[in-house]
Structures are given as C-alpha cells and as structure tokens.
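Have a go at each task before reading its solution.

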Amino acid sequence: MLKKLIINNKILVILTCALILFSGYEFIFASDSSLPVFNLVQKDNILEEDLNGDKAKDTILIKHTSEGLIAQVNLNKNKTFSLDYSKDLPTLGEYCAYWPIRISTLDISRDNSKEIFLQSSFHNKPVQHIFTWDGNKYVNLFSSTNNLLGFFDSNNSKTPKVIIGNYEGGNIDFKGYIYNKGNLEEFTNTNPLSLAGADTISNLISLVQSLPNQYISVPNYFYSQISGSDLESLFKLANGSNNFKFQDGYFTDLAWQENGTITCANWVLNFRATNTSDSSKISNLTINLMINKYNDDDFPYKITSFNIYQ
C-alpha cells in the first residue's frame with residue numbers, strides 16, 4: 001500500500017515563504033525546502049526514499065499486527081533491517097484509524113545516511129522513535145511519549161537540531177538535541193533556545209480544541225491578507241459538529257535571516273475529531289499551516305497558510 005498523502009508541497013512552500021519579502025526581511029532558502037514527510041492512514045504502508053545517499057530508492061515498510069506496528073528497511077533492494085523499539089518504550093505504536101502514523105527522514109548525523117523519525121500512538125497516547133544507521137544496522141537513537149517533533153536548521157549550513165516538545169494545557173515545553181557520535185545530546189548554548197511561533201501554535205491548538213463555535217472571529221495571529229479559502233477552512237471547523245482533541249504535531253523551518261532567525265516554518269497538527277451528537281463517530285483532522293515572521297509585538301509569527309484534511 002502506497003502513501004496516501006505527502007504533507008509538504010514545494011510549490012506551496014516557495015509561494016508562501018515569498019510573503020516574507022514584503023515584510024522587509026532578508027532570508028535564505030534551503031536548496032531543497034521540502035523534507036520527506038509522510039502521513040500514513042492505512043494499516044500497511046510501503047514508502048520509497050533514498051536513505052543512504054546512493055541516489056537509489058530504498059524501502060520503508062510499516063505493517064500492522066496484532067502485537068502492534070512492526071517496521072523494516074530494505075536497502076539497495078537486497079538487505080533488510082528491522083526498526084526495533086527500545087527497552088524504555090517497548091512499542092512502535094499501533095494502527096489507529098483516527099491517529100495517522102507519520103514518517104519523516106533527515107540526515108542529522110551528516111554522514112549521508114538519513115535518520116528515520118516515527119510518530120505514532122499507543123492506546124491514545126503519543127509515541128516517538130528516532131532510528132539511525134550505525135554502519136551495520138538501524139539502532140533506536142531516541143524514544144519518547146511527547147507529542148511534538150520538529151527540526152531547526154534542517155537544510156542550511158548549520159548543524160541540524162531536533163526539537164522534542166510537548167503541548168499540554170495551553171503551553172509548549174520543548175528541548176533541542178543534536179547528533180553527536182552515535183547519541184542524541186541535548187543542545188546547550190549561551191543563548192536560550194526558542195521555538196519560533198510557539199505562542200502562535202499553542203494559541204491555535206487551544207482555539208481548535210474550543211470548537212465548535214459559530215461566533216468565532218479571526219485571531220490576530222493570522223496574517224491579515226491570508227487567502228479567503230484558508231479562512232473558509234477555519235470557519236468550516238468552527239461551524240461544524242465536532243469537538244477536537246490535539247494528538248501530535250510536526251514542524252520544520254524553511255527559511256532564515258542572515259543571522260539565523262527563522263522566517264518561515266511549516267507545521268502539521270493532528271486532532272481527534274468526535275461528533276458532538278454521537279461520541280462513537282471519531283475521525284482524524286490534520287491541519288497543515290505555514291507561519292512567517294513579521295514586525296509585530298503581539299505575535300511575531302503569523303499564520304499565512306491554513307489547510308485542513310479530514
């Protein structure tokens with residue numbers, strides 16, 4: 001079964017980030033601004049991606065079993081390696097019709113072999129795993145039950161940083177990590193690590209979880225010239241017949257100022273949608289959005305694109 005949805009779209013990324021030009025910021029685009037990201041909504045999935053830099057497609061298999069998810073990688077069409085969970089978190093998750101599994105890849109080790117990032121769920125709780133190639137096999141580099149995963153410096157000249165975070169009660173807590181000699185180590189610097197647009201995203205999650213609300217007004221963390229069709233998506237949710245519960249999210253930076261400040265980022269947020277009149281009717285809502293940096297004291301990062309998938 002092939003992937004159903006590729007979240008990032010290069011044309012959309014470039015057009016949306018171009019809005020920064022009109023706000024007076026100098027920025028840098030990544031040479032390839034779209035990371036491979038896949039939302040998986042079927043029980044069994046086969047993904048094709050060049051994992052070892054040889055320009056040939058490798059295969060990632062995600063399969064549902066009675067014991068939970070199993071995953072394996074086929075390199076060069078002749079060698080198969082399993083993706084095994086760690087003893088600290090003894091599950092890769094399970095198939096859930098309303099909680100998509102997400103696979104993303106990025107070479108955070110800078111060795112031309114991409115790490116594999118798995119986001120899933122187990123008994124309605126988030127699960128995260130990161131796998132890296134050690135020269136002989138894939139090993140579990142990191143596991144957690146946090147609900148946010150993202151990347152800073154994902155495709156520029158700086159060392160990539162993995163951001164592990166958790167949204168709860170209207171707040172986002174997070175830590176930054178870098179790859180170092182086979183380990184994922186917490187990022188330390190003289191300057192405090194900040195999450196670009198954290199206030200915007202946390203406010204949006206809280207807003208969605210307050211729906212339905214037919215009297216909703218457009219919040220000031222939305223860009224004033226966002227397209228009418230994107231606002232229609234927001235009002236569709238507000239006037240619908242579902243309650244929403246945040247499940248997990250993914251983000252990556254896409255453009256930067258010369259000083260390294262992020263000026264554009266893509267976020268993907270998953271919610272559980274429950275019908276207000278029949279709680280047995282449960283489905284998934286995915287919001288794909290862009291934020292851009294502006295000169296604004298209240299919300300420096302504004303939502304410039306807002307799309308929903310149900």
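## Exercise 1: A buried ring and its partner

Phe151 has a relative accessibility of 1%, so this residue counts as buried. Keep in mind throughout that the model is predicted.

**Task.** Classify the aromatic pair of Phe117 and Phe151, and say where the two rings sit in the chain.

**Solution.** 
- Step 1: A pair of aromatic rings is described by the distance of the centres and the angle of the planes.
- Step 2: take the distance. The ring centres of Phe117 and Phe151 are 4.8 Å apart, and the cut-off for a pair is 6.5 Å.
- Step 3: take the angle. The planes of Phe117 and Phe151 stand at 80°, so the pair is edge-to-face, given that angles over 60 degrees fall in that class.
- Step 4: Phe117 belongs to strand β9 (residues 115-122) and Phe151 to strand β12 (residues 148-152), and the pair links distant parts of the chain, 34 residues apart.
- Step 5: check the burial. Phe117 has a relative accessible area of 0% and is buried; Phe151, at 1%, is buried too.

## Exercise 2: A tilted pair and its cluster

**Task.** Work out which class the pair of Phe222 and Phe306 belongs to, then find the cluster that holds both rings.

**Solution.** 
- Step 1: the centres of Phe222 and Phe306 are 5.6 Å apart, and their planes make an angle of 55°.
- Step 2: stacked needs planes under 30 degrees apart and edge-to-face needs over 60, with the rest tilted, so the pair of Phe222 and Phe306 is tilted.
- Step 3: Phe222 lies in the loop between α2 (198-209) and α3 (228-238), while Phe306 is in strand β19 (residues 301-309), so the pair ties together parts 84 residues apart in sequence.
- Step 4: both Phe222 and Phe306 are buried.
- Step 5: ring pairs join Phe222 and Phe306 with Tyr221 and Phe299 in a cluster. Over the whole structure, a search finds 13 aromatic pairs.

## Exercise 3: Salt bridges and accessibility

**Task.** How exposed are the partners in the salt bridges Lys114 with Glu49, Lys137 with Asp134, and Asp153 with Lys161?

| Pair | N to O distance | Accessibility of the partners |
|---|---|---|
| Lys114 and Glu49 | 2.5 Å | Lys114 23%, partly exposed; Glu49 9%, buried |
| Lys137 and Asp134 | 3.1 Å | Lys137 44%, partly exposed; Asp134 38%, partly exposed |
| Asp153 and Lys161 | 2.7 Å | Asp153 7%, buried; Lys161 11%, buried |

- Step 1: A search of the whole structure finds six salt bridges.

## Exercise 4: Strand order and a hairpin

**Solution.** 
- Step 2: look at one pairing. Strand β6 (residues 68-75) meets β7 over four antiparallel bridges, and Val73 has Phe81 in β7 as its bridge partner.

**Task.** Find the residue with a positive phi in the hairpin of β14 and β15.

**Solution.** 
- Step 1: strand β14 (residues 171-180) and strand β15 (residues 183-186) are antiparallel, with four bridges.
- Step 2: Asn180 stands opposite Asn183 in β15.
- Step 3: two residues lie between the strands of this hairpin, and Lys181 takes a positive phi near 50°.

## Exercise 5: The whole protein

**Task.** What share of the 310 residues counts as buried, and what share of the contacts with a separation of 6 or more comes from residues 24 or more positions apart?

**Solution.** 
- Step 1: 52% of the 310 residues count as buried.
- Step 2: residues 24 or more positions apart supply 56% of those contacts.
- Step 3: the protein exposes about 14,600 Å², of which 47% comes from carbon and sulfur atoms.
- Step 4: the protein has three helices and 19 strands.

Key:
Residues numbered from 1 in each chain as written. Predicted model: local features only at pLDDT ≥ 70, side-chain atom pairs only at ≥ 80, totals over all residues. Heavy atoms only, no water. Pairing = 2+ DSSP bridges. Phe/Tyr/Trp six-rings, centres within 6.5 Å; stacked < 30°, edge-to-face > 60°. Buried < 20%, exposed > 50% of the residue type's maximum accessible area, 1.4 Å probe, protein only. Contact = heavy atoms within 4.5 Å. Areas by Shrake-Rupley, 256 points an atom, 1.4 Å probe, with all protein chains shown as cover. Salt bridge = Lys/Arg side-chain N within 4 Å of Asp/Glu carboxyl O.
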